[in-house]
Amino acid sequence: MSTLPTPPVCGEPATVRIELYTADSLDGCAYTCAAHSAQATAVVGRAGLDAHPVGLAPDVDRPCGYLHVYATGRLATRERPGHPRWCDRDECERRGQHRSRARHVGTNRPEAFIVDVRLVQALHPTAEPMVNLTSVAGGAAASLVLSIGQARVLRYRLAHLLDEAKAARNGGRWS
């Protein structure tokens with residue numbers, strides 16, 4: 001599938017929400033009136049998506065034919081070629097890179113540094129994703145960019161060090 005399905009549009013208030021899935025990804029929702037829900041489900045199926053009609057919450061006000069695509073789903077990536085699935089799709093050209101939204105590394109306690117982690121990738125077609133760690137203390141910021149391979153090894157090294165710290169705290173020893 002290369003384009004969004006075009007569900008029937010009558011403009012009446014929607015009473016059914018049809019969830020649109022590709023594989024295991026919830027990619028969007030189509031909103032229809034009761035009279036058009038079967039037809040819309042068929043259109044979605046012909047477009048190569050799985051359609052799952054569900055009820056519509058009473059506080060949702062959408063017209064029949066309204067289509068919402070989730071920015072993080074596979075369908076949005078297909079509609080906006082050149083963006084990795086994880087990309088936030090916000091000013092990539094200006095920044096010169098794709099990037100995911102930042103994930104805060106918080107401990108629910110005051111810390112000396114603010115740390116965030118995200119994926120980044122240069123816009124060049126052969127560029128590989130990288131992991132970007134950013135740390136802020138006061139007015140100073142530092143950034144470290146790791147390949148996916150380095151990030152994977154770092155994950156294992158951190159797990160090992162955390163196990164050692166836990167064992168030391170419990171009076172045991174690792175050799």
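**Exercise 1.** Which residue with a positive phi follows α4?

*Solution.* The structure is a predicted model, in which local features need pLDDT of at least 70, side-chain atom pairs count only at pLDDT 80 or more, and totals for chains, interfaces and linings use all residues. Residues are numbered from 1 along each chain as its sequence is written, and side-chain values use heavy atoms, without hydrogens and water. Helices are DSSP runs of H or I with at least four residues, and strands are runs of E with at least two, numbered from the N terminus. The residue after α4 is G171, with phi near 85°.

**Exercise 2.** Classify A47, E91 and N108 as buried, partly exposed or exposed.

*Solution.* Buried means under 20% relative accessible area, exposed over 50%, and partly exposed in between (1.4 Å probe, protein chains only).

- A47, in the loop between α1 (37-46) and β3 (50-55), is buried because its relative accessibility is 18%.
- E91, in the loop between α2 (74-79) and α3 (92-95), is partly exposed at 42%; its phi is positive, about 60°, although E91 is not a glycine.
- N108, in the loop between β6 (103-104) and β7 (114-122), is exposed at 84%; N108 is likewise not a glycine, yet has a positive phi of about 65°.
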